[in-house]
Amino acid sequence: GLTAEQRQEDFAYLERELRDSYPCWGILEREGIDYDAIFEEYREMVANEDSDVSLYVAVNSALYRLGGAGHLSLLQPEWYEEFKEAYAETEDRTQWYQAMDAPASREGYPRLSEMVQAAFPEETDSAEGMGTSSSENITSLIIEEGKIAYLKIDSFMGTYDVDRKRVIAFLNEVRGYDHLILDISQNSGGSDYYWRDLLVAQLANETLSSTNYALVRNSENTAKYLQEAFGEDGLRPIAELPALPRLEARDREIATHFLENTLTVEPAGDGFHGKIWLLVGNLVYSSAEAFTVFCRDTGFATIVGTATGGDGIGIDPVFIRLPNSGILVRYSPLFGLNPDGSSNEEYGTTPDILSPDGEEPLVTALRAIRA
């Protein structure tokens, strides 16, 4: 195990890196979260308890108490190998893989897994990996023959290869329909490639592009990831950011730079010539929110439901690696902005058609279709 000094060094390192790099402090302040008190509480816990599991509990608990905005979380032991394997196969995410494959994490995560299993057997016995089986992930229905089709996808994570055949076969079957309802109301994210390839490229009739701003705190930890993702010329000084009416002063104050990022998707075939509806709700987050933002910006689909969970304007969360334990902490390096300057993490996306309280988005969409 680690010495007391090493555990304290790790927690101090986490606190320092978050204060330098994490872009969501303004959200925490607006929500009344006393992050100084939280850090102090768990700093003392690490100092007073003589076990490595106390470091894990302190880091995990502190991040939970901070609220998780901007993907802030500890990479749990049961996810480590899956994440590492995924990044090993991704050519443009070498920094992410290198962070996970560093000796401290490569050697520390198996020990952490054993330690957590021993300390919390009831929780780890039921722990699952990232993926969702295709049979659970996709629901496809014909609501009205020749007119209304329905496709529900509960995750953009882990089932792409299996889902691809089912999704494309169903889309080909209903390509001549008047209406296609895409339901992601239970979808908390996964991979942007999933929705770009299986939904937009398959259904678009023309090239579609979406452009958004994101604030950046270009710390030493964040910079290496952004340079790989956007190149040396991608960042622009915060002073050049256009005036945006709902941009919070605190969010702009802690940013050093901003990005103007454009996502373009080319059609893969003849597309869908009917009307597309996208069902959303407050569980929609991360890459599911990215799909929602793309639909909003391009008009690809009419959005129906309630406000989304947000944090869909950015790139994969990056890592802070604690030097002694190898524990990996994730955070979004980009603070995505809606067109009016409001925080996408904080406010999400407001649908084109809001569902009344207690009404399912599908009911709202069907009423609009049949109006």
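The chain's accessible surface (Shrake-Rupley method, 1.4 Å probe, with only the protein chains shown counting as cover for residues) comes to about 16,800 Å², and 46% of that belongs to carbon and sulfur atoms. Keep in mind that this is a predicted model: local features need pLDDT of at least 70, side-chain atom pairs count only at pLDDT 80 or more, and totals for chains, interfaces and linings use all residues. Residues are numbered from 1 along each chain as its sequence is written, and side-chain values use heavy atoms, leaving out hydrogens and water.

**The whole chain**
- You'll find 16 helices and 13 strands in the chain; these are DSSP runs numbered from the N terminus, with helices being H or I of at least four residues and strands E of at least two.
- The radius of gyration (over C-alpha atoms) is 22 Å, close to the 21 Å from the globule rule for 371 residues, so the chain is as compact as a globular protein of that length; the rule is 2.2 Å times the number of residues to the power 0.38.
- The C-alpha trace spans about 70 × 50 × 40 Å along its principal axes.

**Inside and contacts**
- Of the 371 residues, 49% count as buried, meaning under 20% relative accessible area, while exposed is over 50% and partly exposed lies in between (1.4 Å probe, protein chains only).
- Take contacts (heavy atoms within 4.5 Å) between residues at least 6 apart in sequence: 78% join residues at least 24 apart.

**Helix H10**
- Tyr160, Asp163, Val167, Ile168, Phe170 and Leu171 are buried in H10.
- Seen down the axis, the buried residues of H10 fall within an arc of 165°, so they line one face of the helix; the arc is that of the directions from the helix axis to the C-beta atoms.
- Asp161, Val162, Lys165 and Glu173 are exposed on the other side of H10.
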